[in-house]
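Here are a few exercises to work through with the model open beside you. Try each task before you read its solution.

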Amino acid sequence: MTRILLLVDDEPRITDLLRLVLKRSFDEVHTATSGEAASEILDEHPVTHVVADYVLGADEPNGATLLAAWRRIHPSIRFAAILTGRCSIEDLVGRPGIDAAFEKPAADEVIQRLRDEP
């Protein structure tokens, strides 16, 4: 089964680190620094896993809103997680479109969960 990951964060060092570690666990890994760039990738690739930051910038919708919208539009997404440093995990878990929430910095937790997700 093909696994394609999209990492979305306005801090490229975070997506670069996760991409570097996870590229062996996925057939493809894409990164985006904005919701618009992520939407373009989702339109072009059958992404199966998405990890998005909650705050993507002042002019961007929050990551939770984007994940819910993307999952409605892109049925290929099997797993979606959100990273946050400003919102409590409890406020995010169970929201539409979100399978898991991680508090930053959570690289080890995110990596392990993504490796385990089919």
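**Exercise 1: a loop residue**

At 4% relative accessibility, Thr48 counts as buried, where buried means under 20% relative accessible area, exposed over 50% and partly exposed in between (1.4 Å probe, protein chains only). Before going on, note that this is a predicted model, in which local features need pLDDT of at least 70, side-chain atom pairs count only at pLDDT 80 or more, and totals for chains, interfaces and linings use all residues. Residues are numbered from 1 along each chain as its sequence is written, and side-chain values use heavy atoms, with hydrogens and water left out.

Task: find where Thr48 is located and what Thr48 touches.

Step 1. Thr48 lies in the loop between α2 (35-44) and β3 (49-53); helices (H or I, at least four residues) and strands (E, at least two) are DSSP runs, numbered from the N terminus.

Step 2. Leaving out residues up to four places away in sequence, Thr48 touches Thr2, Arg3, Ile4, Ser76, Ile77, Arg78 and Phe79. Contact here means heavy atoms within 4.5 Å.

Step 3. The side chains of Thr48 and His49 are joined by a polar contact of 2.7 Å. Such a contact is a pair of N or O atoms within 3.5 Å; within protein, one must be able to donate a hydrogen and the other to accept it, and residues adjacent in sequence count only if both atoms are side-chain atoms.

**Exercise 2: the two sides of α2**

Task: which residues of α2 are buried, and what do they pack against?

Step 1. Gly35, Ala38, Ile41 and Leu42 are the buried residues of α2. They cover an arc of only 120° around the axis, so they sit on the same side of α2; the arc is that of the directions from the helix axis to the C-beta atoms.

Step 2. These buried residues pack against β1 (4-8), β2 (28-32), β3 and α3 (63-73).

Step 3. On the face turned away from the buried side, α2 carries the exposed residues Glu36, Asp43 and Glu44.

**Exercise 3: strand β4**

Task: how many residues of β4 are buried, and which strands pair with β4?

Step 1. In β4 (residues 79-84), six of its six residues are buried.

Step 2. In a regular strand the side chains alternate between the two faces of the sheet. Phe79, Ala81 and Leu83 are buried on one side of β4, and Ala80, Ile82 and Thr84 on the other.

Step 3. β4 pairs in the parallel sense with β3 over five bridges and with β5 (residues 100-103) over four bridges; pairing requires at least two DSSP bridges between two strands. Ile82 is the bridge partner of Ala52, and Glu103 is that of Thr84.
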